[in-house]
Amino acid sequence: MGARQGSGYLLSTRIVLTARHLLSEDVATTVVVPGGRGRISCRTLWAGDADEGDAALLLADEELVTPEMGQAFQPNRFGRVAGIAPLLDCYSVGYPQVRRYDGQKPDIEQFHGTIKPTSGIVRGGFVLEGAGTPPAAREDGQSPWAGMSGAPVFSGRHLIGVVTGDSAGWQHSRLAAVSLHSLASVPRFARLYDIHFGEFLHCSLLHRTPDISAEFESRYCAYVAETFGELSIFGLDFSRSEHARWPLDSAYLSLELVHDHDHGDDDAPTVPERGRVETALRNRRRVLLRGGAGSGKTTLVHWLAMNAARDAFPDQLAHFGGRVPVVLPLRTLVRGATLPAPAEFLSAAGHPLSPPHGWMDAVLTEGRGLLLVDGVDEMPEADRARTKEWLLKLLTAYPRTAVVVTTRPTAVDDGWLSRRNFAEFQVLPMNQRDVTSFVHRWHTAARSIAQRDTERAELDTYEAQLLSTLPRKQDLARLATNPLMCAMICALHRDRRGFLPDSRMKLYGAALTMLLVRRDTERAVGAPEGLVLSEEAQQKILQEIAYWMIRNEIAEADQHDVVARIAQLLPAMPHVAPPDDAQRVFRFLLHRSGLLRAPTGMTVDFIHRTFLDYLGARAAVEAQDINLVAARAHEPQWEDIVRMAVGHARDGERAALLTQLVARGDAIPDCSNDTRMRIHLLAAACLEQATSLDPEVRRKVEQRANALVPPRNMDEAVLLADAGPLVLGLLPGPEDLSDQEAAAVVTTARRIGGDHAVQVLREYAEHPAPDVRTELVAGWPSFDAADYAELVLARVDTTGLVVAVHSTEQLTALHLLRAAPSVAFHGHLGPREMASAVRAVGAQWVTIADNSRLRNLRAFAEQAVSLKQLTLASCPEVDDYSGIARLGLEKLRLLGVEGTQKLSGLGAVTSLPALTLGVVDGSGEGDFLSLPADLPVLPSVTRLHLALRIGEDTGAGRLREFFPHLSRLILRLESDQLVTVDLSALTWIPEVEVTITRGPVLVEGAGSFTVQRLSRPTEDPS
């Protein structure tokens, strides 16, 4: 390195921290990384003078390591010694002379010792005193530690200094070093770090036992991985208690999300409107996730926590890698007088581990935290505002923290956290493919714990039978829309040997019976608590507990309070136990009922909110609290309780409750029309649970619902769909409707689903309005792929629309459409099958996204496919683009291209007029912007759109070499750190448009063209 050999530390794949005295103005500096890309020339970014310290920053001319090595880099962590006490168990790693071998080849030495912070402090340094016997002096008088200069000094995982030499007079037992803390106080050094890394250089305080934090973090992550690495699968815990849980990584079903683009979201690039978790959350640091009861929100939180703890995220979620997960269930946190500060996170969430002082603050300050805030809807409504302020203050104090927040859909307003750049997603109902996958996984888990071959054979039969039954029984299929309901159906189908309830209320009731009675019977459990409680007694106590929790807005109760509540109930139940035995009854319910669980040693809750609502509604009806239930109907968290109360009620009670709902809705003034509409629609939704009802009451309810038909907009359509199938009979045909109303009707029908919905949608299939046609195409995943394609889509004019294909079933059925000019294939579909489908429907605009099976375009070329535009988005395995030359393209769009990705064969495309390149993590070296390193010369391209994520200072001087005939250039630039882009060389292009979509990008040499800055990403306008 430079004039003499030394050591250094890679702050990034191109930036090296080393000692200044190793450099020379007369000799070029080169750097070699073991296992890297060989000897690379470097230039000096900064070199400290005598006052600033013996240190330097080098910038390599190209990447020093392979892409695989670069992906393994973790965020830099810097530290400084607190106080003057020696710091034990520190070390330095370098290439000293004493380790030379085989003809003076360098090898690594780890120098272990104690930092003495006051030794050398006057000059901004310290010494590292070795723990073992020092090496012998060399015969030539030079230090045996020659070559260690520039080596990093660590305390645990924190970099705290750079070795500057062998301390004279200490017989080679000490190494002198300059501290990172002193370098951070040098303005030029700090500014360069800020420019290249997009953050301030922060040094955490390290105390005498720094490794305690590292050791604790390892133990904590192991604890999180084990605690959240298993999933309770409903209905699989009857035979033996050890089978109550199943490995989450094999049982987890990736949810499908839809992204709400209406709210501010500057923190992430544009993503597809809908997609699986791995795709939708790509590069999103802050997410608000909405989903109904049982939709899998908490399971997703646990999956994120498990993968963060294991550092095992899929590539799409690599931005969450290297982070420390903290699961914060709000139902637990709200029990305190105030929401916890970071130091109290673990204890407040019920974790048994106690972190070292300052550990959580350091994790969040260093930008390594992943906060998983679960269940805003489980907070009392009055506490949600303080929850929001608590979150906002946390993010102000720790702006680099990643956060995922979950809630039920209506618990908080749209854009609730938009001012902090949260992207909002909605969990979509499971489609037929999801249900099929879930049923298979459930039965696979059941087979794995079955003890007899006959039992496994029965499960094979049940699985096949259920997969055959669900598509044919629409009333049952409507229930199977989320993981909880699917698990209930699987468990009850097995428990009842193939016979299933046909309504939601019956399904819940059967599930409770299975849990309360069948569970202990099948596990051959006697009476370990010395009690035997009948199903009726258990339900009575549990429903009173549930109703007490609902009235008091408690999602997680103190065990002592629950025991006291049981003691109040027992005098009226002398056949169960005396009041003094309330603790024993509680233990029985906790351990035997299968409905309660203990999140902490002091608290208790229901295994799912659905059972809390079901039991609480039953207690409300039995207590004749019809007035109370009706009075709370406008509150979102009471909606399910109201519906279930109608199901539990007797005829007179049911009529009274629905009459009150109608009256309360009527009494709401016009200024609160949304609330009135919601109550009237809730009453209509309750009719599904009303097995018998006074005809006059039914007429009033349907009259109010009919007044809301047709829905006027999408918000009303969603509310109307919640009322269920009865709405389908009220929906009008397309005649005399505005285009907006027609689109809303289609949305309502497709959200309800079922055969009747298909018949409604057929009436709209030939509607000319773009919004109506868009909704019809969007409904495809909600129905049988072939039936919907044949009955509905075959009659839809898809001109100007994109037909999205997400499954093999849809791909197979695509030919049933009369035409589809624009088709988007999502996921790992076969190239030949896609090419055949494109030819069958005459597609001219084709998108292939998130496909790891696609390696070339040969299948499209062989089938003589002719296209106007082809988009390849995140197709990382494509290694041959030559087939594109035979497609006759007018425009090619390559999106999600990694900077190191090969573009082999693209040079064969000699007649392409327009090209869009979306590049992430490009090299940015020299004057080549951030374009792929092996981009070929493309002289035919006259219109170029570049969407680039810039990682460092760059320019556009070489653009003309590769695109010599440009007439129009559109540049979309973004960065996570401060970078400068020199565009002064673009004056030769007649039309240039530059937009900064995100981040601190400084543009120099703009000249005659204007640079626009946007608050959010934009679509491709070219």
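Predicted model: local features only at pLDDT ≥ 70, side-chain atom pairs only at ≥ 80, totals over all residues.
Start with the charge pairs. Side chains of opposite charge can pair when their charged atoms come close. The model holds 48 salt bridges. One of them joins R447 to D460, with the closest N and O atoms 3.0 Å apart. R447 sits in helix α12 (residues 432-449) and D460 in helix α13 (residues 453-472), so this pair ties together parts that are 13 residues apart in sequence. R447 is buried, at 17% relative accessible area, whereas D460 is partly exposed, at 42%.

D666 and R704 also form a salt bridge, their closest N and O atoms being 2.8 Å apart. Here the link runs between distant parts of the chain, from helix α23 (residues 651-667) to helix α25 (residues 695-707), 38 residues apart. D666 is partly exposed, with a relative accessible area of 38%. In another pair, R650 meets E653 at 2.7 Å, N to O; R650 is exposed at 56%, while E653 is buried at 13%. Salt bridges also link up into a network made of D377, R408, R609, D613, D640 and R643.

On the surface, D755, D784, D787, E790 and E809 gather in a patch of negative charge. Of these, D755 belongs to helix α28 (residues 755-763).

As for the sheet, three strands line up in the order β33-β35-β37, open and with parallel pairing. β33 (954-955) and β37 (1001-1004) are the edge strands with a single partner each, so one side of each has no neighbour in the sheet. β33 pairs with β35 (residues 979-982) over two bridges, and G955 stands opposite D982 of β35.

Technical notes: Residues numbered from 1 in each chain as written. Heavy atoms only, no water. Patch = residues over 30% accessible without salt bridge, like charges linked within 9 Å, V, L, I, M, F, W, Y side chains within 5 Å. Areas by Shrake-Rupley, 256 points an atom, 1.4 Å probe, with all protein chains shown as cover. Salt bridge = Lys/Arg side-chain N within 4 Å of Asp/Glu carboxyl O. Lys, Arg positive; Asp, Glu negative; His and termini not counted. Charge placed at Lys NZ, Arg CZ, Asp CG, Glu CD. Helix = DSSP H or I, 4+ residues; strand = E, 2+ residues; numbered from the N terminus. Pairing = 2+ DSSP bridges. Buried < 20%, exposed > 50% of the residue type's maximum accessible area, 1.4 Å probe, protein only.
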